[in-house]
4 protein chains.
Amino acid sequence: MRIETEDRPDRPQEECGVFGIYGHPQAAPLTYYGLVALQHRGQEAAGIATTDGTKMYSHKALGLLTDVFKHGELEGLVGHAAIGHVRYSTAGANTPQNAQPITMSTHARNIAIGHNGNLVNAKWLRIRLEQEGSLFQTTTDTEVIAHLIAKAGVDDLAEAVATAAQQIQGGFSVVILGNDELVAVRDPLGLRPMVLGHLGQAYVVASESCALDTIGAEFIRDVEPGELIRIDAHGLESSRFATRRARKMCTFEHVYFARPDSDVDGWNVHAVRKHLGKILAQRYPADGDIVIGVPDSSVSAAAGYAEASGLPLETGLIKNRYIARTFIQPSQELRDTGVRLKLNAVRSIVEGKRVVLIDDSIVRGTTSRRIVRLLRSAGALEVHVRISSPPYVSPCHYGIDTATEAQLIASNHSVDEICEVIEADTLSFLTVDDLMAGFGFDKGDAVPFCNACFTRNYPTTLIDQSLREPHHELVHVGGSTNGSV
Amino acid sequence: MRIETEDRPDRPQEECGVFGIYGHPQAAPLTYYGLVALQHRGQEAAGIATTDGTKMYSHKALGLLTDVFKHGELEGLVGHAAIGHVRYSTAGANTPQNAQPITMSTHARNIAIGHNGNLVNAKWLRIRLEQEGSLFQTTTDTEVIAHLIAKAGVDDLAEAVATAAQQIQGGFSVVILGNDELVAVRDPLGLRPMVLGHLGQAYVVASESCALDTIGAEFIRDVEPGELIRIDAHGLESSRFATRRARKMCTFEHVYFARPDSDVDGWNVHAVRKHLGKILAQRYPADGDIVIGVPDSSVSAAAGYAEASGLPLETGLIKNRYIARTFIQPSQELRDTGVRLKLNAVRSIVEGKRVVLIDDSIVRGTTSRRIVRLLRSAGALEVHVRISSPPYVSPCHYGIDTATEAQLIASNHSVDEICEVIEADTLSFLTVDDLMAGFGFDKGDAVPFCNACFTRNYPTTLIDQSLREPHHELVHVGGSTNGSV
Amino acid sequence: MRIETEDRPDRPQEECGVFGIYGHPQAAPLTYYGLVALQHRGQEAAGIATTDGTKMYSHKALGLLTDVFKHGELEGLVGHAAIGHVRYSTAGANTPQNAQPITMSTHARNIAIGHNGNLVNAKWLRIRLEQEGSLFQTTTDTEVIAHLIAKAGVDDLAEAVATAAQQIQGGFSVVILGNDELVAVRDPLGLRPMVLGHLGQAYVVASESCALDTIGAEFIRDVEPGELIRIDAHGLESSRFATRRARKMCTFEHVYFARPDSDVDGWNVHAVRKHLGKILAQRYPADGDIVIGVPDSSVSAAAGYAEASGLPLETGLIKNRYIARTFIQPSQELRDTGVRLKLNAVRSIVEGKRVVLIDDSIVRGTTSRRIVRLLRSAGALEVHVRISSPPYVSPCHYGIDTATEAQLIASNHSVDEICEVIEADTLSFLTVDDLMAGFGFDKGDAVPFCNACFTRNYPTTLIDQSLREPHHELVHVGGSTNGSV
Amino acid sequence: MRIETEDRPDRPQEECGVFGIYGHPQAAPLTYYGLVALQHRGQEAAGIATTDGTKMYSHKALGLLTDVFKHGELEGLVGHAAIGHVRYSTAGANTPQNAQPITMSTHARNIAIGHNGNLVNAKWLRIRLEQEGSLFQTTTDTEVIAHLIAKAGVDDLAEAVATAAQQIQGGFSVVILGNDELVAVRDPLGLRPMVLGHLGQAYVVASESCALDTIGAEFIRDVEPGELIRIDAHGLESSRFATRRARKMCTFEHVYFARPDSDVDGWNVHAVRKHLGKILAQRYPADGDIVIGVPDSSVSAAAGYAEASGLPLETGLIKNRYIARTFIQPSQELRDTGVRLKLNAVRSIVEGKRVVLIDDSIVRGTTSRRIVRLLRSAGALEVHVRISSPPYVSPCHYGIDTATEAQLIASNHSVDEICEVIEADTLSFLTVDDLMAGFGFDKGDAVPFCNACFTRNYPTTLIDQSLREPHHELVHVGGSTNGSV
């Protein structure tokens, strides 16, 4: 029996969340709670490493935080500084070995490292490092960064991290724990988010501001692209490992990934989504009776659409909260006879209505078609689909896992063709300019965003793309079920 | 380290959901999916029993459905008829022994039985049965029903169930599987809900209609109060075990428990809630800038309030979806310093605003106060709380687990006092008449509802209330962690 | 992949061990340690129930004791009295529901009950009880005993147990825990063993004396056949529920089951086995160079044989200690190419030697043939098999699980034929008279033993044999892997 | 509650067993069965890696083989070549990270590596490697060897292994799997054992010959000290990485560790032990009535003693087979009142007798004293202890884990003092000359054995002894219970 979530392959997947804290006697529990707030960024593995100044303690395993830390492991993670990580990963590589933080010892110290993002030159660097005699025990980009730190040839951790950060390219928000210091870096383009806060005297870094709120910490500011932050007993010190250049922050964090209560690089996520919904209503009106958002990610945009259009916002689709990763999928036969688990349409709301359906994106089109059919079978007269982002035409190389380009329906179909495939009455997407308007930019403005997934205009070269796949491969068997190595 | 959900003691808890199907080759998987749709009615144990006409197969354990059926157990549940059960239970009795369906053999047959509801004369009946030599291996009401069926002295299962049903009093929706038949009964007052549907030739019964939708079955009608349904190879047969009398359906199913996409006894749950929100806006207006519903149960009412008041509906509170039962709670020290896991307020929405906060009920008041404080700390200028039901003053005895009367804040505080306790600026509840208006009834109408939790006017005598607690008690140790017996 | 021990179907299996203690503040841990000493009597499920005088606490699950009590369950089993049980059971019925002690409440009290043995009229009694309206939730004989106790119609537990004991027939050693008393009974023929001891002021009963040794208790005496012992705050009281008659103690306890360090009914097990080995050497000499016993059960007999014959005793067969129940069996293909896990022959000992191989019994013959082949492939010139018991011709009905009569090689083959089947050079068994000589009896003496498995001469009628199998059957699915219900 | 085996700290512990096979379609299952035969060499972790010529597959975790491979992992380990490992390790380092085989990718290939033994210059090499920028993710010697292979600067795996083997010092038997080849090396002194065999066309290497027997493979010869064996599609090739010098094979393999059915470097282990027992009887006779060996390791020596002395060999001590690592230890209070789990003395054998007790070694003396007391409490009149090896005075640095020198009773007590401590009537050890006589050597012969634990005469320098402990340490938390990383 195959076990997976119903529409798993049809959503982009964030690849991780990171958290770090220095200077608090309860560093490990606070990291745990911070990671809980970031769990939406990765549900397949989790881990925490701490230090008491001499020894480094760690625990990580496959599963949600509640699974990974259920046998009292938190109590063993002593110390006043900690980093933590939640991980999403593709099925093949979902092994405990790839869980993070990765811990290791170098001649100068222990280090633990956690990484959100994806490097575009990891393969290239790995080949070079392997030729120099480095051994790789995982298949993560993160281990590449670790080797670069170890080989930096300097004793100072922050300096070594800076040296490593100058060699890697792509999207990265990295937290590193040393013997008695915490270092954090964000990639020069700001592709992946990272914020800085404080909880009393303790400093905190995290992928999103909701993690600060959850532990009662106060937001200080976003970590700057190209910035390196070092926190130790002497306080916080900021430096740059890269010169300042135009930012290229990921718009998809706002469209889909980030939690609505987070502020990312100065914009509140819910507010942006609601604004996008309003723009959608203004520019792509639909002759509907009610507005329905696909739960949960499109609820904000739907509220904006309803407000701007004057149409009533209805809860016409109900999401089952209990469909977890380990859910037993219905057989094709049962699917054909109508078993539908994740979403249900409310007949008494939908019946006889012309529905305006708001969603944040269309990846393969299969989920959209299923929802349209669901609404029609519940009696919807018409279904007008409005998407609060532009057509998703090209894969992300900076830390988001989508289908391949061939699988992205918008990469090889017109909007009309997609409309037909998903069986909608009408379909509209935002343009990139519309999307930028959601952040307050006018057409023609230089924008601080990476929109490569909508434009194919990548802000970095894609070095690894030209490299062949490695000729040998390590496969860890059986790890996915019981968390063993 | 104590493991529980943050506000667990401060919400009423439904005590179960039931499901049954007869006449489908995939009876067990369909029951599994039907139960998934009912998982909100009970998250502490689950089980399924099937029959192939001669043998009866069963599996049950503590945990969510995804935990209970993760090792291929479904494949062993062969047969064309099945019943299933999801269970909520109070901590002390949360043992595998009390999981359902209970299976047993009598001289005539195997039977499996699953029950939603609570009997008011279970203790009384148990004493009588024990005196007659019956052995009890669980502490459930359900086992009382089973003994009554076994002792009915008739070979026909439906007749035996009718005999048993005539002896029990209280709220009950029960499904019983025999060697090759499925019997379902609903209590004479209709306190607990039950619907009937079909999937092709197969008949289905379930606690809520969303379970029918989920498996693609069509709704036929609600099971009548006092009705007994028998389904076997000859089709469906309906009879009555009790004379028709005034219905007393549970309003709290609509206010809080049932899924918004369910139709319960002719009313759609979302529609009722939205209607209640509108009434709330009309009769208890507030001088606010925005409307926020407490997720998830008050979202419909908040939408109604916003629509009727003209105020914008905002997603100002975000719920963490990953807080499960096994979550490690923060220490009091960390709580005091601000760790808050389940809900977060969105500062950019709330700041500087006068918030109208919609919630469905107030039990002890502690949760409400926490939310009010959360909103204020995120910058809300004022918080006006509007509750979409009347003050909850008295415990339910028909299948809903709340605090004791002493713990119910409304049982011994005025609305003004509660307002002060929860630190709101203003507070309003609906009256019982308002609540009934939500279903379309005018003041003075005879209503088919039990409102005892709001009125202390119980529709049955409470027989067991006068009995002492049993002098001996069985405690199963260790069951809660690993599902073993 | 099939998981089972290599030669599982080819050994008789004891069906249980019981233990009880009254009057010690550490009743549960002492029961745990006592059961560990009895683990050889049953490795498939284990459980303990305790009482503190008012509440009864219990925990049981599938698995070895170390598996069942690994999460701190022992700590929850408070009280000064306890009973415990280890269980072997046939595969089909190996479900948590059938684990013991069974706990239940009756009108007078809680009771917990654990049983070693097998009743010959359990089916018959069950039919009667079911007709009277009793419900059965397990398929064990033990539940039959429990119902008889509950229906005895007397308030005094010991009296009720006596009433029940008078109705059941077969082999039984039963421990029963009441609210504040411990009752133990042994069947009138003494088919199953039970001993009485004390640890300071506390009284202890157990299936074998090794359990007394393990907890540091002192042996008082064997419990008498037909005796009922009641232990409570007033001390120990003995009575008889059956008149004294000729004992029929199980010889196979001495030949194979019991631990060599136990004294059973006055004979030390190791001493009896060694004596049988000497008799074997005297009456059935073999022209061999060395003596090898099949580990572990035949080591004592082999030592006796060597001593009496003057041949050197050698450790020519080594048993792998790490082959557990969950072991992955080799495929037939691998078996054919020579994979042999449980036993290895030591070439340097065996090569060029004429081996006298001592074993305790031959059930199907497959294991014996495998061992003979193993020795030959290690270079043995000849293999002379000597069995320290008579041919096993007929199944036990009193608590030992063997193959069916058709599968018992000795039931339908002569000794010569068996010798040929197992590929031995010569083969001898003891006669029943030889066996009795091992206990010091002469030919013609009236012996206090049941030898029915060797003689087909059963000491009771076999009532259930004439009953059809029940027409309906309960199957618990999935219990064997995770211990859930 | 503390969980550990009763006498765990009082026995030397072998640190591992290795196995490798090349050229068989069922490489993984055969490795599994081979490792089962080696399970006595390490019970704390196990793992297997395989290759199909391009991909490498692996699985490892904490626990016995039956625990590690219970969820079908074996089926995922495809390929025609495999290595496997069973591991013992000290408590602190018992983490999944330290389980083996370690798998990694280098620029040329994947490699998997498994190691039995201990290096005397591992710390020294690690410091050098860390200074050169190597990262260490485990605390094992094995990872040091892996780095040396990766840094050898040659493409040929066998050459790279030879280069690495020339740099490491101490005891090591190592198996290495490459993309399509298997390499095995044994240390130049032959401190740790390793044998070579074949199964049809497939070659097999293993720590002990019993692993060959178990899978039906034929023994070819011991791997030579200083030999490197490479097996690939072209067959087997042998070379030397070190010049031939005097062998120093570990005598303790024969005295205690190896399985009695193994032949180690030309001697059968059982035969050596029996011979040592005879020498003990001849040179250190005792005025006893019966001979008892401490099970299981001293049974062979006891048989030799009995044969040579003419005294009867009795099974006077019975070992409980069900005391596993996860066993709940009795509290000190219960120990004081007499709870004794692992061994029981058989009163009917021991009572009134003068016992000659044969054991293989005395480490701290606590176990010996417990056994002597056990025998006396069962009625032994006298207990004469005879040890089949010399006093154990100095820790092993080549792969055996004992107490520190200060804890070794013989390092600072005379034989008379030890006799008093263990409360024996008399006590004798073998001398080193006696021990060598067990292998057929006369006094003054140059012997090919390492007896350093008896003589303090180490055959290598102990380089790491002069190094300080590392100033930083990695602690993996929680791994020991659930096998997660």
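This is a predicted model: local features need pLDDT of at least 70, side-chain atom pairs count only at pLDDT 80 or more; totals for chains, interfaces and linings use all residues.
Residues are numbered from 1 along each chain as its sequence is written, while chains are lettered from A and ligands numbered from 1 in the order in which they are written.

A:Cys16 is buried, because 25 other C-beta atoms lie within 10 Å, and the term requires 20 or more. A:Cys16 belongs to strand β2, residues 16-22 of chain A; strands are DSSP runs of E, at least two residues, and helices are runs of H or I, at least four, numbered from the N terminus. An unreviewed UniProt entry annotates A:Cys16 as "active site"; such annotations may be inferred rather than shown by experiment.

I turn now to the interface. Chain A and chain B contribute 53 residues each to the contact. On the side of chain B that touches chain A, α1(B) gives the most, with five residues.

How are the two chains related? A rotation of 180° with 0.1 Å of shift along its axis superposes chain B on chain A, with RMSD 0.1 Å, by least squares on C-alpha atoms of residues with pLDDT of at least 70 in both. That is the relation of a two-fold axis. In chain B, the C-alpha of B:Arg321 is nearest the axis, 4.0 Å from it.

How values were computed
A residue is buried if 20 or more other C-beta atoms lie within 10 Å of its own, exposed if 12 or fewer, and partly exposed in between; C-beta atoms are placed from the backbone. Two residues are in contact if their C-beta atoms, placed from the backbone, lie within 7 Å.
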